[in-house]
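Work through the following exercises with the sequence and the model side by side.

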Amino acid sequence: MTRWGILATGHIASRFAEDLRLVPDAELVAVGSRAADSAQRFADTHGAKRAYGSWVELAADPEVDVIYVATPHAAHHEAAMTCLTAGRAVLLEKPFTLDLATSTELVDTARAAGVFLMEAMWMRTNPLIRRAVELISQGAIGTVSSVRADFGVAGPFPPEHRMRAAALGGGALLDLGIYPISLAHLLLGVPQHIRSWAQLGPEGTDENTGILFGYDTGALAALSCGMVGATELSASVTGSTGRIDLPEPFFRPGSLTLHRAGAEPETIVAEEAGNGYQYEAIEVQRCLAAGLTESPLVPHTTTLEVMALLDTIREQIGVRYI
């Protein structure tokens, strides 16, 4: 049995707790928040045995094997460091932190202590995404030449909302753009050329951002994210002999369609279960059972490479977090 703690009590934490019930040999034993009453309400709702009014108390609980950190991303570094230094394995919600430097510090801390750490990039553990990667690696669409993906929401959000506030790492890039960027990285790796443009809001955070990755192989990725309109939330991967389409939402698709040259399109449908967070929990438990300190599906190197891309894009579009 893997004993879980959850740090934070917001919407994503609740959805993760719901999906944890679908994971074999998983038990939610504790929740921690900076507000004791919030922690207790969360524990009552989701069946956690203990509720703590501080992150330190949760991290110190000897009956917790791994902690899922689901705070707003401006607090990720502090929360994860609290858990790692207490010797607790950590599943840290994306993005890891606000920049590469602090993300590297977390990875270095985990490695030095021999403690498991993984970014909760649930897309990379999704069965259909993994199937798409497998098909591509088998040559189902030939050599990949382009990736297209978008993630836009309609808003609007008030100025103090975490999606806009600079102090909270607001803007479309870290919250939404990380998904199309991560998909391009998953399929094409680190680009040799990056071009980005953005419309910034009054708070100095990005409201509408376009990104183009270029690769020396000739491949490219056209990506976008924004808070000014609801986009299709789809993705498409084109190769020399075919294409794979991922419908809304591409990061947790209900199906994928494989187009092969000269053949009828083939649609692969996913099993409908939960919110989709159970797969990252399953991967964490698999790694812990195997004695691993990082996941081969979401390795530290990948997390840091994507964070470096986010840093470069932020520099190009002129976004600064306070």
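Predicted model: local features only at pLDDT ≥ 70, side-chain atom pairs only at ≥ 80, totals over all residues.

Residues are numbered from 1 along each chain as its sequence is written, and side-chain values use heavy atoms, with hydrogens and water left out.

**Exercise 1.** Determine how the radius of gyration of the protein chain relates to that of a compact globule.

*Solution.* Start from the rule, which is 2.2 Å times the number of residues to the power 0.38, the radius being taken over C-alpha atoms. For 322 residues a compact globule would have a value near 20 Å, and the protein chain, with 20 Å, agrees with this. Next, consider burial: 53% of the 322 residues count as buried, that is, under 20% relative accessible area with a 1.4 Å probe, protein chains only.

**Exercise 2.** Describe the sheet of 6 strands, including its order and its edges.

*Solution.* First, the strands (DSSP runs of E, at least two residues, numbered from the N terminus) follow the order 3-2-1-4-5-6 in an open sheet with parallel pairing, where two strands pair if DSSP finds at least two bridges between them. Strand 3 (50–52) and strand 6 (117–120) each have a single partner strand, so one side of each is left without a neighbour in the sheet. The twist averages 25° from one strand to the next. Within this sheet, strand 4 (residues 66–69) and strand 5 (residues 89–93) are joined in the parallel sense over 4 bridges, and Val69 stands opposite Leu92 in strand 5.

**Exercise 3.** Describe the sheet of 8 strands and identify helices that pack on it.

*Solution.* The order of this open sheet is 8-9-10-7-11-12-13-14, with mixed pairing. Its edges are strand 8 (193–200) and strand 14 (266–269), each of which pairs on one side only. Strand 9 (residues 206–214) and strand 10 (residues 220–226) pair in the antiparallel sense over 7 bridges, with Ala222 of strand 10 as the bridge partner of Leu212. Helix 7 (residues 172–188) packs on the sheet, its contacts (heavy atoms within 4.5 Å) including strand 7 (144–152) and strand 10, and its direction makes about 165° with that of strand 10. Helix 9 (residues 300–317) touches strand 8 and strand 9, at about 55° to the direction of strand 8; such angles run from 0 to 180 degrees between N-to-C directions of axes fitted to C-alpha atoms, for helices over the stretch in contact.

Notes:
Buried < 20%, exposed > 50% of the residue type's maximum accessible area, 1.4 Å probe, protein only.
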